[in-house]
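Dear colleague,

Please find below the structure that I am passing on to you. I would be grateful if you kept it open while reading the notes that accompany it.

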Amino acid sequence: MYKVGYIDDEPTQFENYKRSLRRRCKELDLVLIDDCESKQDMLDKIYEKQIDVLLIDYKMVKNYGFNGTTLIHYINDSMRDIQCFIMTAVDTEQITDGLVAERDKYSKSVFDTEGADPEKEAELNAFIQILLESAKVFQVRREQKLGRYRELLDKKLHGELGADEEEFLELYKVLSSYGLVEKLPKNMLDSKFEERLQRILELGSAIIAEHKTE
């Protein structure tokens with residue numbers, strides 16, 4: 001099962017979209033990201049619900065103070081691999097801020113297939129395949145990140161991390177937020193702590209040695 005996150009300040013059509021997706025693709029589950037007041041709240045919910053791909057409404061300024069493209073920019077700063085699609089009730093050509101590629105903008109009318117129009121049905125099925133492929137790619141990349149994290153964690157435990165520490169911390173932040181790795185003690189995440197501890201130990205040893213010679 002792949003989870004498709006849905007963010008909309010007025011999600012009146014959420015249940016209809018959810019049923020439409022499940023009817024055509026049992027592998028996709030539409031999950032509402034709600035009860036949020038900020039972009040960070042939304043990011044936290046994405047981690048909590050283990051979302052694989054995102055559908056985000058464009059016009060959200062009225063209730064959130066920012067629009068969907070701004071939110072995508074914020075999310076991708078922390079989660080570079082997750083694919084986000086803008087859903088809009090207006091013409092996609094009106095979205096001109098340059099934060100989302102044209103291929104990632106979709107009209108909400110893509111879900112309007114009640115008239116049994118073969119063209120509309122084909123359009124929705126094509127969109128569903130894109131969602132499914134995007135979710136699969138995200139999960140594969142996440143597994144690769146998990147393998148790399150374990151490799152770096154082993155280096156960390158043996159004191160051999162060196163220049164890879166930034167990558168280790170970035171991987172830890174994402175994977176632990178998804179609940180894929182155990183939370184580490186804070187001292188393991190801060191090399192400066194280890195350096196300070198080592199200096200204290202060396203200073204203590206020097207003081208002991210000095211008193212022994214007196």
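This is a predicted model: local features need pLDDT of at least 70, side-chain atom pairs count only at pLDDT 80 or more; totals for chains, interfaces and linings use all residues.

Residues are numbered from 1 along each chain as its sequence is written, and side-chain values use heavy atoms, with hydrogens and water left out.

Strand 1 (residues 2-7) is largely enclosed by the rest of the structure, because five of its six residues are buried (under 20% relative accessible area, with a 1.4 Å probe and protein chains only). Strands are DSSP runs of E of at least two residues, and helices are runs of H or I of at least four, numbered from the N terminus. Strand 1 pairs in the parallel sense with strand 2 (residues 28-32) over five bridges; pairing requires that DSSP finds at least two bridges. In this pairing, Lys-3 stands opposite Asp-29. Strand 1 also runs parallel to strand 3 (residues 53-57), to which four bridges join it, and there Gly-5 has Leu-54 as its bridge partner.

Thr-69 belongs to helix 4 (residues 68-78) and counts as buried because its relative accessibility is 0%. Its side chain makes polar contacts with the side chains of Asn-67 (2.8 Å) and Asp-97 (2.4 Å); such a contact is a pair of N or O atoms within 3.5 Å, where within protein one must be able to donate a hydrogen and the other to accept it, and residues adjacent in sequence count only if both atoms are side-chain atoms.

Yours sincerely

How values were computed. Buried means under 20% relative accessible area, exposed over 50%, partly exposed in between (1.4 Å probe, protein chains only).
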